[in-house]
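This report describes how two parts of one chain meet. The structure comes first, and the description follows.

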Amino acid sequence: MAGLAFSNVTHRFGQRIAVENLNIEIEAGEVVCLLGPSGCGKTTTLRLAAGLEILQQGRIDIGGRVVADERGSLAPEKRHVGLIFQDYALFPHLSILDNVAFGITRRDALVEAQAALDKVGLGDRGRSFPHMLSGGEQQRVALARAIAPRPAVMLMDEPFSGLDVRLRDRVRDETLALLASTGAAVLLVTHDPEEAMRRARRIALMRAGWVVQLGTPVEFYNRPADAGAARFFAEANAFAGIVGEGGRVETSVGGFAAPGLAPGARAEVLIRPHAIRIDDSGAGQSVRVLRARLLGADSLVEFSLGEGLPPLVARLTPPHLPPAGTEMRISLDPGQCFVFAA
Ligand code: ATP
């Protein structure tokens with residue numbers, strides 16, 4: 001049974017479509033990351049699930065129960081949903097402990113609130129008031145407040161963005177582990193593909209209100225649905241070409257099979273910087289180094305493919321730092337090269 005399910009949900013603001021025909025099911029205990037550029041409909045999706053936006057079309061189920069369809073909508077406080085938005089608001093006149101206990105209806109509210117504060121590393125700040133805490137600490141209080149009632153569904157909109165990097169990883173891991181242990185279905189909005197790859201069981205990539213691709217991180221990386229999905233994780237080298245009679249598209253870095261594209265179709269070939277390998281076998285393509293920089297565990301090397309042709313950007317692991325002008329041979333990992341209709 002899905003913890004949270006959107007079925008054919010479409011939402012408009014006036015003429016503008018914010019979410020179109022959205023279908024996502026999140027199992028209890030599962031984390032799904034919602035990724036996508038600004039304005040693609042992520043927040044609207046969360047607000048619809050929370051009941052902060054009245055559903056116009058489609059259906060939303062929580063724990064197997066319809067909470068919104070075209071006939072009606074359950075009030076937000078009756079949905080058993082936790083919310084953590086970027087602009088968390090604590091009650092300024094309540095202590096930290098009372099802020100966290102606020103949404104808990106059980107009799108042991110203060111005990112639960114204290115346990116939640118311990119989890120976010122603020123167990124000793126329960127008697128403080130919000131203005132006595134830093135912004136990052138207040139954000140952790142907001143996290144504690146959202147997890148304390150053990151909601152069936154947790155909706156998070158960039159909830160860790162205000163935390164410094166060191167703290168972010170720890171609080172994020174502990175929060176998600178805690179939610180998983182309570183069996184909450186988590187929908188986590190992020191702008192950070194790496195966060196999505198690391199934390200989500202599945203990723204939903206949205207663009208202009210649509211889910212472009214929904215799948216596991218491995219599926220996303222190995223079989224991106226389109227050029228936008230492929231580019232989401234890292235900028236790629238792009239080459240344009242026309243599909244030939246043999247179903248292949250020829251570029252300045254060689255020919256690629258173009259499955260599903262008809263001869264004559266315009267194609268775009270994307271080559272990830274990590275696809276490029278130094279090939280000392282003598283069989284590789286000849287290139288000339290334009291510049292090379294060390295980035296840490298790998299290096300960024302720009303190759304010239306010849307006069308007038310766009311350069312090819314490679315990330316080489318282990319790092320190579322050849323001087324500009326060096327002639328080298330390279331080959332490509334076909335698993336990191338993709339052909340899409342242009
Ligand atoms: P961001 O990453 O910038 O927060 P988002 O993906 O969360 O963006 P939404 O906030 O869901 O995007 O907005 C989706 C679209 O709906 C945008 O075009 C936005 O301008 C529009 N929109 C959102 N809320 C409203 C509103 N209350 N009234 C009118 N238009 C709105």
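## Contact between the domains

Eight residues of domain 1 touch six residues of domain 2, where contact means heavy atoms within 4.5 Å. The chain is assigned domain 1 (2–230) and domain 2 (235–341), with bounds from an automatic or database domain assignment. Their centres, taken over C-alpha atoms, are 39 Å apart.

## Basis of the values

This is a predicted model, in which local features need pLDDT of at least 70 and side-chain atom pairs count only at pLDDT 80 or more, while totals for chains, interfaces and linings use all residues. Residues are numbered from 1 along each chain as its sequence is written, and side-chain values use heavy atoms, with hydrogens and water left out.

## Buried area

About 570 Å² is buried between domain 1 and domain 2, 56% of it on carbon and sulfur atoms. Buried area is the accessible area (1.4 Å probe) that two parts lose on being put together, summed over both. On the side of domain 1, Tyr221, Ala227 and Ala230 lose the most area to domain 2, together 70% of what that side buries.
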